[in-house]
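Dear colleague,

Please find below the structure that I am handing over to you. My notes on it follow directly after.

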Amino acid sequence: MFPVYDVIVVGAGHAGCEAAAAAANMGSKVLLVTMNMQTIAQMSCNPAMGGIAKGQIVREIDAIGGYSGIVTDKSMIQFRMLNLSKGPAMWSPRAQSDRMLFAATWREMLEQTPNVDFYQDMVKGLLIRDGRAAGVITGLGHEISSKAVVVTSGTFLNGIIHIGEKTFGGGRVAEKAATGITEQLVELGFESDRLKTGTPPRIDGRSLDYSKMEPQAGDDTIVGFSYLDIETIRPEQQRSCHITYTNPRTHELLKTGFDRSPMYTGRIEGVGPRYCPSIEDKINRFADRERHQIFVEPEGWNTVEIYVNGFSTSLPEDVQYKALVSIPGFEQAKMFRPGYAIEYDYFPPTQLTYSLETKLIQNLFFAGQINGTTGYEEAACQGLMAGINAHLKVREEDPFILKRSDAYIGVLIDDLISKGTEEPYRMFTSRAEFRTLLRQDNADIRLTEKSYRMGLASQERMDRVFRKKADTEEVKVVLQSFAFEPAEVNTFLEAQNSAAITQKQRAAQLLLRPNINLKDMITAVPRLKEALSNLGTAAYEQAEIQLKYDVYIEKEKELVGRMNQMESLEIPESFDYSKIASISNEAREKLKKIRPRTLGQASRISGINPSDVQILMVYMGR
């Protein structure tokens, strides 16, 4: 009934979809196994992609040749570039999506990917032969063979849903949990643990009074996520989100349910996300705050369903409702479904290599929430990398590994592998020490050529990168040679509260002033506009950033050079850490457990001190 596949992907969430697409587009024959064909690429929580640091990840996925950016551009109902008041290292794209259109677009793109087959069934076990993953065993009893397996189980492994005092098995509301895989892997020697996440109630938008809320419109310019020309909505078509706030009355009503809350009665064992706490956690941890922000987000073009961002909860349904109707604009709210918490199994990611292959079982890869992460974007980029590396492993080629200085994806994977996580991991710009280099605007310049050489990014993408780089250099040459006369630029400078010039000055020099930007300069000076008329806006932005932030960019490149020296010092796989008597017991245990590939990785392991690294370097020298 089934052929032997190159790669089987277990689970069709964001990680599974990217894994299947990547492996298939590189030439592998792929089977995507999911418990429900109708929930492929489901946005289980909020209907949005991107945000701070997450937007950079989606652009990196797109630059490598993944689908998340394209799908988001095709399904967005609102776009915003966050943090524009800060430097470009902090700019982060975010899109509100039509939930149903997002999933439908993902499925359509997968169905149009020739090497992807689909099968609806639960995977209850893995086929392991001679220490290698060799396929899966399904709930219907099928043994399907493959050369590699990527497990992207999300919140389904032994998932338990909590609503107040009620608990029931499930991987998502109205969907059953997956069983069998955890037990088998633990028997094989894997370490597993439990995590928790949650989601807010869904509300009938017709029952809300938006006049009591603050509208939050989209941007006047829609940049989008994909570096390809994907048709998106026009700015005037965007749906507005809204903001409202809880109040002391809301908080008091929520507290009445604490004695029945699974969080406070000890029924939830898993650790929840630190940076996306439930509403009960917020009012408990931040007791001095009189109000908390609530984002009212539409779920799509053709639905009245509303996502109440900021009100994630597992309190009893009656308490949820009483608290909701105390919020301005929600007085007459009708609930479609209550919020809930979900507990699920994950496998601490220190059990993986940088390719996301497990250390215990060859050709077995983990991606997404099974590795302890949270968020669609974090899951999708892991799926992309696992799918690429599963394909490469099957063909006995070297893995594709991104360093911390290459991409946010590299930061995320290095954090997981070297430090592990005991709570759902979320990406932030502050986690990346080279964030001036890892901007959302240059992900294509950083990554597309690497992917193209490997056989994933298309010729079209590569041609666009070459053109962008050439145009950027041309813009820089024009700006460095173009000299303004005082008469043609002083009116513009004074309007920007910038000092007038008394003699000719080059455009590149004026651009270094903090309150001057290239777009306004071009609009104000027709002669400059004419000189740059043949070059695109992407090249304008790239050239401006490179000129303005040249000192900072060069400084980070120096730091990258120093870090790469440590990364080049490889530690032999056979290295015996037990012989190093002069390091702490904690350091020895961590080094034995994680077995870092390089001295650089060893230095980033939690519990390893600089003195431990120096001692390790001495022993390696011997």
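Lys 419 is found in helix H10, which covers residues 408–419; helices (H or I, at least four residues) are DSSP runs, numbered from the N terminus. This is a predicted model, in which local features need pLDDT of at least 70 and side-chain atom pairs count only at pLDDT 80 or more, while totals for chains, interfaces and linings use all residues. Residues are numbered from 1 along each chain as its sequence is written, and side-chain values use heavy atoms, with hydrogens and water left out.

With a relative accessible area of 43%, Lys 419 is partly exposed (buried means under 20%, exposed over 50%, partly exposed in between, with a 1.4 Å probe and protein chains only). Not counting residues up to four places away in sequence, Lys 419 touches Thr 350, Asp 414, Arg 604 and Ser 606, a contact being heavy atoms within 4.5 Å. Lys 419 and Ile 594 are 175 residues apart in sequence, yet their C-alpha atoms are 8.9 Å apart in space.

Helix H3 (residues 68–75) is mostly covered, with seven of its eight residues buried. Thr 72 belongs to this helix and has 0% relative accessibility, so it counts as buried. The Thr 72 side chain reaches the backbone oxygen of Ser 68 at 2.7 Å. Beyond residues up to four places away in sequence, Thr 72 touches Met 49, Ala 95, Ser 97, Phe 102 and Phe 225.

The largest nonpolar core has 111 residues, and Leu 364 and Ile 388 have the most contacts inside it. Such a core is a set of buried Ala, Val, Leu, Ile, Met, Phe, Trp, Tyr and Cys residues joined through side-chain atoms within 4.5 Å. Helix H9 (residues 376–394) gives this core its largest share, eleven residues. Apart from it lies another core, of 25 residues, among them Phe 482, Phe 484, Ile 516 and Ile 522.

The structure holds one cavity of 30 Å³ or more. Here a cavity is a set of points, on a 1 Å grid over the protein atoms alone, where a 1.4 Å probe fits but cannot get out; lining residues have an atom within 4 Å of a point. About 30 Å³ of space lies in the largest cavity, a volume being the space filled by probe spheres set on the points. Tyr 354, Met 385, Phe 400, Ile 401, Leu 402 and Ile 413 line the largest cavity.

With kind regards

How values were computed:
Helix = DSSP H or I, 4+ residues; strand = E, 2+ residues; numbered from the N terminus. 1 Å grid on protein atoms, 1.4 Å probe; cavity = no way out; pocket = protein on both sides within 12 Å on 5 of 7 lines; lining within 4 Å. Polar contact = N/O pair within 3.5 Å; in protein donor to acceptor, adjacent residues only side chain to side chain.
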